[in-house]
Amino acid sequence: MNGRPLFHGYSALLGCLLAVTLGVPAPGAPPANSGASANPKPNVVLIVADDLGYGDLGCYGHRSFRTPHLDRMAAEGVRFTSFYVPMPYCAPSRASLLTGRYPFRHRIVGNPDPEHGIDEYGIADDEVTLAESLAAAGYATACVGKWHLGHLPRFYPVRHGFREYLGILDSNDMRPVRLFEGDSMIEYPVVQCTLTQRYTRRAIEFIQRHRDRPFFLYLAHAMPHKPLAPSEAFYRRSGAGLYGDVIGELDWSVGQVLGTLKQLGLDRRTLVIFTSDNGPWFGGSTGGLRGMKGTTWEGGIRVPMIARWPGRIPSGRVCHAVAGAIDILPTILAAAGIPLPRDRVVDGKDILPMAVSGAPSPHEALFAMAGPRLMTVRSGKWKLHVLPPGTPKFLADGRSWIDPRAPDGVTILAPFEQYKPTDYPGVASGDPPQKMMLFDLEADPGEQHNVAAAHPDVADRLKSLFDRMASQVPPDLKMPVRSAPAGRGNALR
């Protein structure tokens, strides 16, 4: 930390310590609970980490980050090894997860951003979210954590199927970082080291309050999105740096949720899914995949996915078949016996048979986008980059890049010691980007060797699948226009 204080301001640090020591159970301490009556519909807990890399968990091969609860969850359920998000950015992937539709259908192809004037941008009123479908079927619904599907009132979670909300509407590095309860701001600036613990406490309270009826909890953690901010109970405790600290706390949170379900007798009636919205930032790990967040290399779009449902999903399963975030909505609705919306295209499929019995993927192909453009197609073991993977500005700048959204001790309260471009999370080598790159991901998961010339028939077949889907992309689809930073004076607008 180079002698600098963790936070500017005694009150901010005191708030962090009080929240940790008084407001949340100690790590490993179980919450109080009571029995629960049977209900015919399964409960659903969907836990989404922010920028968690494919290789960031012990059960996915990381040797330093300790994740015993997630490792146990995988051992007691199913772990997917070819699970994809449709875009390597936060908001588009989250919208796809909640609608079952590719970004070009729900039309969120960039991130809402209050700091750069991207305000009139968010989930459309006519989209049917997972929460709306479950609420209509009698489920209690709550969103706890990051939303990032619009920060104006008409976009709020409580207007899109969630009866309760606690969290930050945008990313935790987008000024102003404000904490909302329902549709009201309750804290600014946010002491970010308290977030994982506060989100966990609210998640447990929600489960306890709704133990006697079916519920849907969407727990969307802030970590490990930058700035990394572990609580005092986990800070410098992992022995694996700041990233290892927040991963340890994230794992603890999953353990608290799973422990609560078991103590309340809800374990066998609850489908729990854990995944990430895209690949990792600096300091994380892609597990040997090429690229990172912001790219359509495997490291940007392949993410962990673990599902656990005792009595339904056999323990110890590993699924290598292709699936994706678009499948979450259809799978959960099928498990709850709720039909899909019939007035729109839902791209996702029910993948519970894959988890339960090892059924093959229901997809002939899965696609990924970057902004308004379709970029890649994955079919079986093959992946075709029809358009060359781009290089985000922060990567093009290399070592000279300075994070404009780093903690400043005033508007963004988090540890100063954040990771740099030198802490690149993925593989940076391989054949240079170009159009029509073909990779055999079974033999070459790191996308090192373009084999398009050796397999022209495969490239042609995948290009045909790509063209069929690309014909459905609206021609007027565009990225939202950024303006100059609004400035801190507009922080509470």
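The charged end of Arg312 sits over the ring of Trp309, at 4.5 Å from the ring centre; a charge is assigned to this position if NZ of Lys or CZ of Arg is within 6 Å of the ring centre and within 35 degrees of the ring normal. A further case is that of Lys226, whose charged end sits over the ring of Trp281, 5.5 Å from its centre. The model is predicted, with local features requiring pLDDT of at least 70 and side-chain atom pairs pLDDT 80 or more, whereas totals for chains, interfaces and linings use all residues. Residues are numbered from 1 along each chain as its sequence is written, and side-chain values use heavy atoms, without hydrogens and water.

Trp281 also takes part in an aromatic pair with Trp401, which is edge-to-face, with 5.6 Å between the centres and 70° between the planes. Rings of Phe, Tyr and Trp (its six-membered ring) pair if their centres lie within 6.5 Å, and planes under 30 degrees apart count as stacked, over 60 as edge-to-face and the rest as tilted. Trp281 belongs to the loop between β8 (270-276) and α8 (298-301) and Trp401 to the loop between α11 (393-396) and β15 (437-440), so the pair ties together parts that are 120 residues apart in sequence. Helices (H or I, at least four residues) and strands (E, at least two) are DSSP runs, numbered from the N terminus. Trp281 and Trp401 are both buried, a term for under 20% relative accessible area, with exposed meaning over 50% and partly exposed in between (1.4 Å probe, protein chains only).

The count of aromatic pairs comes to 16. In the pair of Phe65 and Tyr243, the ring centres are 5.4 Å apart and the planes lie at 15°, so this pair is stacked. Phe65 is placed in the loop between β1 (43-49) and α2 (68-75) and Tyr243 in helix α7 (residues 241-263), so parts that are 178 residues apart in sequence are tied together. Both Phe65 and Tyr243 are buried. One aromatic cluster is formed by Trp147, Phe162, Phe216 and Tyr218.

The largest nonpolar core has 84 residues, and those with the most contacts inside it are Phe80, Leu134, Trp147, Phe216 and Tyr218. Such a core is a set of buried Ala, Val, Leu, Ile, Met, Phe, Trp, Tyr and Cys residues joined through side-chain atoms within 4.5 Å. A second, separate core of 51 residues includes Ala49, Leu219, Val254 and Leu261. Beyond four places in sequence, Phe216 touches residues including Val44, Leu46, Leu130, Tyr139 and Phe206, where contact means heavy atoms within 4.5 Å.

Thr331 is located in helix α9 (residues 328-336) and, at 5% relative accessibility, counts as buried. A polar atom of its side chain lies 2.9 Å from the backbone nitrogen of Ile351. Apart from neighbours within four places in sequence, Thr331 is in contact with Lys349, Asp350, Ile351 and Leu352.

In strand β13 (residues 373-379), 6 of the 7 residues are buried, so the strand is largely enclosed by the rest of the structure. Strand β12 (residues 366-370) runs antiparallel to β13 and is joined to it by 5 bridges; pairing of two strands requires that DSSP finds at least two bridges between them. Ala370 stands opposite Arg373 in β13. The two strands β12 and β13 form a hairpin with 2 residues between them, and Gly371 in the turn has a positive phi of about 60°. An antiparallel pairing over 4 bridges links β13 and strand β14 (residues 382-385), with Val377 opposite Leu384 in β14. β13 and β14 likewise form a hairpin with 2 residues between them, and Gly380 in that turn has a positive phi of about 60°.

Definitions and conventions:
Polar contact = N/O pair within 3.5 Å; in protein donor to acceptor, adjacent residues only side chain to side chain.
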